[in-house]
Amino acid sequence: MKALITGATSGLGLSFAKQLSETGHELILVGRDKAKLESIQRQLKTKTKGIVMDLSKEANVKSLYVLCKNEDIDILINNAGFGMYGAFDTMDLTTELEMIELNIKALHILSKLFLRDMKKKNKGYILNVASLASFYPGPFMATYYATKNYVRSLTEAIYQELKEEKRNVVVSCLCPGPIATNFNRVAKVQFRMKAMKSDDVATYALKEMLEHQKRIIIPGIKLKLLKWISRFIPSTWTLKVTRKMQQEAIQKEN
Ligand SMILES: NC(=O)c1ccc[n+]([C@@H]2O[C@H](COP(=O)([O-])OP(=O)(O)OC[C@H]3O[C@@H](n4cnc5c(N)ncnc54)[C@H](OP(=O)(O)O)[C@@H]3O)[C@@H](O)[C@H]2O)c1
């Protein structure tokens, strides 16, 4: 079995890499940091290829597919992504557009191209990493939340298409809350909620996708409860609460 993981140089992507290596998977890992990729390759037990690539460029994403299309990928994990904090009008447009390219466009392209191959083989798994943010609009992280809403909506729709076709191909969407990774440092934000360990999130996500073929994967009982309760709360309230939580998040950092 072989897995392709984007954003595997740190955090959740690295946890996926370590766990899939433990279970005997060969790996292709993608990230921009060459030194980190090389060091990870040395640490992992199974055959691991590192590809240094900036996936916020469409041409690179297409090249990644060309490089990997004959590798017989069984598991694709679209994990690379980042967030940004600030009022919408104050956020840097160039960085925001890079985020849209990475969080949405790269994931979209890779999902489509690898899904076509997996459907031909009638086997395979794609795990798209969204966020709990994917269920809501997010004042002060408006663009990030919107990118994750896109990821969840796209993934759920594909899941249903595949289910109706009775294929052995599964597309799942991972929707975690805060995880202790480099995410906060990059997004320049500190959340009030306790962060989960990336290894725990990865273990749970892989089990739910590979063993239970889940459409939506929400790690942690508290988050599941929060998501369930939020169904009964008017969207105007949810917006106010999210805004308050996000505003307090930056106040802590400052
Ligand atoms: N941490 C959280 O609280 C949290 C919560 C919900 C969802 N998520 C999602 O989880 C995923 C993983 O994030 P993380 O928390 O593990 O953060 P992280 O530790 O910052 O990891 C992000 C990964 O993405 C890679 N990456 C960033 N920009 C890239 C680019 N342009 N091209 C290729 N790779 C790129 C980084 O590698 P290089 O720097 O080497 O390129 C790194 O390996 C993201 O999609 C994030 O939105 C995180």
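Author: Helices are DSSP runs of H or I with at least four residues, strands are DSSP runs of E with at least two, and both are numbered from the N terminus. In these terms, helix H9 covers residues 235-253, and Val241 is found in it. The residues are numbered from 1 along each chain as its sequence is written, and the model is a predicted one, in which local features need pLDDT of at least 70 and side-chain atom pairs count only at pLDDT 80 or more, while totals for chains, interfaces and linings use all residues. Side-chain values use heavy atoms, with hydrogens and water left out.

Val241 is partly exposed because its relative accessible area is 47%. Ala249 is also found in helix H9, but Ala249 counts as buried because its relative accessibility is 0%. If contact is taken as heavy atoms within 4.5 Å, Ala249 touches Val189, Gln190 and Phe191, leaving out residues up to four places away in sequence. The C-alpha atoms of Ala249 and Gly7 are separated by 25 Å, and these residues are 242 residues apart along the chain. Val241, for its part, is 102 residues from Pro139 in sequence and 9.7 Å from it in space, C-alpha to C-alpha.

Most residues other than glycine have a negative phi. Phe140 has a positive phi, near 75°, and is placed in the loop between strand S5 (124-129) and H5. Phe140 counts as partly exposed because its relative accessibility is 21%. Lys188 likewise has a positive phi, near 55°, and its place is in the loop between H6 and helix H7 (198-210). With a relative accessible area of 54%, Lys188 is therefore exposed.

The surroundings of the ligand are considered next. A residue is near a molecule if one of its heavy atoms lies within 4 Å of it. The ligand is surrounded by 29 residues, of which Thr9, Arg32, Asn79, Tyr144 and Thr181 are the closest. By class, 13 of the shell residues are nonpolar, twelve are polar and four are charged; here Ala, Val, Leu, Ile, Met, Phe, Trp, Tyr, Cys and Pro count as nonpolar, Asp, Glu, Lys and Arg as charged, and the others, Gly among them, as polar. Helix H1 (11-22) and helix H5 (142-165) each supply at least two residues of the shell. The side chain of Thr9 has an N or O atom 2.8 Å from an oxygen atom of the ligand. For the side chain of Tyr144, the corresponding distance to a ligand oxygen atom is 2.7 Å. At Leu55, a backbone N or O atom lies 2.9 Å from a nitrogen atom of the ligand. Taken alone the ligand exposes 890 Å², and the protein buries 93% of that; these areas come from the Shrake-Rupley method with a 1.4 Å probe, and for residues only the protein chains shown count as cover.

Apart from neighbours within four places in sequence, Leu55 is in contact with Thr6, Val30, Val61, Leu64, Glu101, Leu102 and Ala106.

Two loop residues complete the account. Glu71 is placed in the loop between H3 and strand S4 (75-78). A polar contact is a pair of N or O atoms within 3.5 Å; within protein, one must be able to donate a hydrogen and the other to accept it, and residues adjacent in sequence count only if both atoms are side-chain atoms. The side chain of Glu71 makes such contacts with those of Lys2, at 2.5 Å, and Lys49, at 2.7 Å. Ala80 lies in the loop between S4 and H4; among the residues in contact with Ala80, beyond its neighbours within four places in sequence, are Thr6 and Leu102.

How values were computed:
Buried means under 20% relative accessible area, exposed over 50%, partly exposed in between (1.4 Å probe, protein chains only).
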